[in-house]
Amino acid sequence: MGGETIIPPTSTSEEEYSVDQDFPLPSLSSLNPTLLRDYLRMKAEDGKNESDRLFLEEFDKMGPQSSSPDFEAYHKRRQKVYKEVLQSYDQLRVRSKSLNEAKYKVLSYFPGTWFDNVGGKKLSDYDVPKTTSLLLIGPKGCGKSSLVNKISRVFEDDNFAPERAQISYNPSVGDGTYYLQGYMIPRGSASFCLYDSRGLADGTSENINMVQYWMNNGVRHGEPVIRKSDDSSLRRRMKFKPRELGWKFCRPQMVNFVIFVVDAVSVLKSIEGDGVEDLLCLQMISEVFKHPCISFKDDKPVVAITHGDLLSIADRVRARVYLGELLGIPPAKQIFDIPENHDPVTELTIVDMLRYSLEHADRNLPYKNWVMENVRKVPLFSWLCVLAMLLGIASGMACMRYLHMRHPRESELNIVWHTIRHIW
């Protein structure tokens with residue numbers, strides 16, 4: 001972990017961590033302010049990237065300074081958020097006794113199960129997919145593939161089954177996943193599918209272009225994820241592998257919801273870090289997460305933080321609150337802590353995250369094309385009747401126009417003959 005040693009907690013009992021425990025409250029405005037603000041201000045004054053200036057402005061607005069009259073109210077509000085997040089761990093321990101019931105609800109899911117009948121609309125009015133597609137995105141090495149394996153293991157009866165997704169042993173070598181990989185959950189089902197993706201790059205523009213392409217055009221199992229910044233040899237290897245060309249025959253699946261994966265250790269290092277690299281990762285996470293292309297109406301992606309088993313409960317709470325404040329989402333309800341543990345609490349957290357994602361996917365189903373649907377529903381006989389009626393109207397208008405044009409000519413002709421007879 002960058003040469004640093006992080007000592008995991010020796011005990012995680014309920015007696016050791018209670019909701020009355022005092023936590024340090026690091027706000028984004030108090031994180032190594034000299035290095036943090038000077039670096040962001042230097043980039044913003046450089047003027048090469050408008051996003052740097054906006055990020056600095058947003059960073060300065062994250063919380064009032066200690067001299068602000070609102071500091072006390074701000075401090076109390078954040079203290080309340082910390083307690084809510086800490087209480088969520090206690091609630092999970094209590095609810096884990098009903099783990100099987102929660103798993104059954106997800107296992108019995110099919111697309112449209114949690115559709116909200118609002119505004120008089122019916123499920124048949126929406127374009128319901130055969131399989132709900134959930135896209136996992138996040139920085140390189142954040143644990144997306146490991147999360148796929150943990151999710152699959154929760155719903156597998158075979159504890160000895162091999163891991164489905166290839167994980168990276170050394171994230172510093174390469175990007176791990178280079179191809180979009182789809183995994184039906186549970187195995188052999190068609191209810192919903194997780195799509196593992198390549199880690200986000202350092203450049204925000206490439207990340208936005210990549211994610212926007214998936215959201216607009218859909219995802220296909222086995223499709224290579226190639227960036228402009230990739231070296232030519234890597235692009236050639238990915239494009240021309242004969243065994244990897246099958247993705248071209250796969251039908252694109254539209255993304256129904258997004259799961260944003262973040263490494264909890266990286267977040268903590270951003271809180272206490274002294275390096276520029278952690279700040280760049282923080283900026284990239286914020287910009288990609290807040291881009292409109294990965295949101296569905298007002299619903300932002302769900303966040304899963306990983307590697308929490310390397311941190312104490314207190315630091316895991318700090319990471320969730322920090323991300324919630326940065327990304328603008330409730331940390332106790334929309335940020336799920338999924339460590340590398342195999343216990344009922346972790347499994348229930350995974351089930352809760354999937355339930356949240358699937359419910360919001362069903363809430364944001366796209367409408368059907370009403371024009372085409374109505375055309376298909378009209379019988380051929382009705383169309384013939386409408387056509388005959390239109391032809392009758394057109395014929396009647398043509399006759400009226402003919403009579404109208406003939407009447408003035410006859411009147412003019414009579415006037416001329418009357419004049420001739422008078423002269424004669």
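**Close-up views of a predicted model**

Met397 is located in helix H14, residues 380-423; helices (H or I, at least four residues) and strands (E, at least two) are DSSP runs numbered from the N terminus. The model is predicted, with local features needing pLDDT of at least 70 and side-chain atom pairs counting only at pLDDT 80 or more, while totals for chains, interfaces and linings use all residues. Residues are numbered from 1 along each chain as its sequence is written, and side-chain values use heavy atoms, leaving out hydrogens and water.

**View 1. A nonpolar patch on the surface.** Val386, Met389, Leu390, Ile393 and Met397 make up the patch, and together they have about 490 Å² of accessible area. Areas come from the Shrake-Rupley method with a 1.4 Å probe, and for residues only the protein chains shown count as cover. Patch residues have over 30% relative accessible area and no salt bridge; like charges are joined within 9 Å, and nonpolar side chains (Val, Leu, Ile, Met, Phe, Trp, Tyr) within 5 Å. Met397 counts as exposed because its relative accessibility is 57% (buried is under 20%, exposed over 50%, partly exposed in between; 1.4 Å probe, protein chains only).

**View 2. The largest nonpolar core.** This core has 74 residues, and Phe260 and Val303 have the most contacts inside it. Helix H12 (residues 344-363) gives the most to this core, with eight residues. Apart from it lies another core of eight residues, including Tyr82, Leu86, Tyr89 and Ile313. A nonpolar core is a set of buried Ala, Val, Leu, Ile, Met, Phe, Trp, Tyr and Cys residues joined through side-chain atoms within 4.5 Å. Leaving aside neighbours within four places in sequence, Phe260 is in contact (heavy atoms within 4.5 Å) with residues including Ile137, Leu200, Phe289 and Val303.

**View 3. Cysteines without a disulfide.** Zero disulfides are found in the whole structure, a disulfide being a pair of cysteine sulfur atoms within 2.5 Å. The closest cysteine sulfur to that of Cys142 is in Cys281, 9.0 Å away, which is too far for a bond. Cys142 is buried, at 1% relative accessible area, and Cys293 also counts as buried, at 15%.

**View 4. A cis peptide bond and two positive phi values.** The bond from Ile185 to Pro186 is cis, with omega near -10 degrees. Pro186 sits in the loop between strand E2 (181-185) and strand E3 (192-196). Lys297 has phi near 55 degrees and is exposed, with 67% relative accessible area. His307 has phi near 65 degrees but counts as buried, at 17% relative accessibility. Most residues other than glycine have a negative phi, and most peptide bonds are trans.

**View 5. Salt bridges.** The whole structure has eleven salt bridges, each a side-chain nitrogen of Lys or Arg within 4 Å of a carboxyl oxygen of Asp or Glu. In the pair of Asp116 and Arg363, the closest N and O atoms are 4.0 Å apart. Asp116 is in the loop between helix H4 (99-107) and strand E1 (132-137), and Arg363 is in helix H12, 247 residues apart. Asp116, Asp299 and Arg363 are linked in a salt-bridge network. Glu156 and Arg187 also meet in a salt bridge, 3.2 Å from N to O. Glu156 lies in the loop between H5 and E2 and Arg187 in the loop between E2 and E3, so this pair ties together parts 31 residues apart in sequence. Glu156 is buried, at 17% relative accessibility, whereas Arg187 is partly exposed, at 44%.
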